[in-house]
Amino acid sequence: MENNISNGVNRHYHLIGIGGIGMSGIAQLLLRNGIKVSGSDLKETSVTEELRKLGASVFIGHNPANINGANLIIYSSAIREDNPEIRQAKRMGVSLIRRAEALAELMKDKIVITVSGSHGKTTTTSLASYLLLEARLNPTVAIGGILKNIDTNAYLGEGNFFVAEADESDGSFLHYEPKYSIITNIDHEHLDYYKEFKNMVNTFKEFLNKTKNDGCVFACSDDINVKNILKDYKHKYVLFGLKDGADIYPKNIQIKGLSSQFDCFYKDKFIDRFHLALGGEHNISNAFSVIALGLELEIDLEVIKKTLSSYKGAKRRLEIKFNERNYLVIDDYAHH
């Protein structure tokens, strides 16, 4: 792939697992850059239908012939090495890269903001993306879920910023070199890949040190594993959290249904009172990482407040599907 993805004239990229939420985001960004995109997946979905509308050629089922004419194969972490399209690419000598490597290429020449952690990535990435959109910074975004405010998981902006969800499941987030990095938590997850929890913690520590020296890390002080990887970190970081020890934290929390209000304090100084259109204390914590990011980027406080109050959420994250006649149905996606 070229150093500048927008130079993809006469290029054809094939995505194996194109219907996945992360892969479909990359496909959208490639298509909007004018690159020819094909891809394959096991079944037809609303995602594959939408990609077809944008101009992608989508095959249902994996077949060696699907990659014909492709200069580059991009594959998701869910695709195994014995996949017939992977094997055909190797036989033909076509370059193969993982999803994270493709995303890293798309990030080149941008000011990168990543969100990582075992839980809360999609919600936090969505909220951070929405903040930069509301601040008219026109970012490019790649989210592991649908940001309901813009009804998509990927947006190609003309601004300098790139906001991305950094998936830790297979260690491939080490391809990223963000200037600003949010780390929500580190929990016992993806041990099929990491084998032991300490390996996962060490990988997060390695990722932490990928943050550029002139940037800033926003880390949750309520998570002991996150605090531990910060012990030897020598560059700028801001601790957010709900308990003692955070640099930025709430007081006077009032939770009403799936929304909340709270006073924001930064370095023990009162900033303002915020209304958050999200339920749960965990989402108050997630929101504080985004408030801290906004303050670091010197985004107007009223824009930050408006973002939190008008955020519609990400699909399948505490998403209200029905709320009438004494019944409340919530769709909340999780695989821990």
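Okay, let's start with strand 14, residues 259-266, which is mostly covered: six of its eight residues are buried. Before I go on, keep in mind that this is a predicted model.

So who are the neighbours of strand 14? On one side there's strand 13, residues 248-256, and the two pair in the antiparallel sense over seven bridges.

Now strand 15, residues 269-276. Seven bridges join strand 14 to strand 15, and this pair runs antiparallel. Here you can look for F262, which stands opposite F274 in strand 15. The hairpin of strand 14 and strand 15 has two residues between the strands, and in that hairpin K267 has a positive phi near 55°.

Side chains of opposite charge can pair when their charged atoms come close. The count for this model comes to 18 salt bridges. I'll show you a few.

One is between K305 and D272, where the closest N and O atoms are 3.3 Å apart. K305 sits in helix 10, residues 301-310, while D272 is in strand 15, so this pair ties together parts that are 33 residues apart in sequence. How covered are the two partners? D272 is buried, because its relative accessible area is 18% and the cut-off is under 20%. K305, at 22% relative accessibility, counts as partly exposed.

Next up, R316 and D331, with the closest N and O atoms 3.1 Å apart in their salt bridge. R316 lies in the loop between helix 10 and strand 16 (319-324), and D331 in strand 17, residues 327-331, so here the parts tied together are 15 residues apart in sequence. R316 is partly exposed, with a relative accessible area of 40%.

E296 belongs to helix 9, residues 281-296, and K236 to the loop between helix 8 (224-229) and strand 12 (237-240), so the pair ties together parts that are 60 residues apart in sequence. E296 counts as partly exposed at 25% relative accessibility, and K236 counts as partly exposed too, at 41%.

Let's move over to helix 5, residues 121-134. How far apart should its ends be? With 14 residues at 1.5 Å a residue, helix 5 should span 20 Å, and its end C-alpha atoms are 20 Å apart, which agrees. Helix 5 is also largely enclosed by the rest of the structure, because 13 of its 14 residues are buried. After helix 5 comes R136, whose phi is positive, near 60°.

Last stop: N83. Where is it? N83 is in the loop between strand 4 (72-75) and helix 3 (84-92). Is N83 buried or exposed? Buried, with a relative accessible area of 7%. And what does N83 touch, leaving aside its neighbours within four places in sequence? N83 is in contact with I16 and H62.

Notes:
Residues are numbered from 1 along each chain as its sequence is written. This is a predicted model: local features need pLDDT of at least 70, side-chain atom pairs count only at pLDDT 80 or more; totals for chains, interfaces and linings use all residues. Side-chain values use heavy atoms; hydrogens and water are left out. Helices (H or I, at least four residues) and strands (E, at least two) are DSSP runs, numbered from the N terminus. Buried means under 20% relative accessible area, exposed over 50%, partly exposed in between (1.4 Å probe, protein chains only). Contact means heavy atoms within 4.5 Å. Two strands pair if DSSP finds at least two bridges between them. The expected span of a helix is 1.5 Å times one less than its number of residues. A salt bridge is a side-chain nitrogen of Lys or Arg within 4 Å of a carboxyl oxygen of Asp or Glu.
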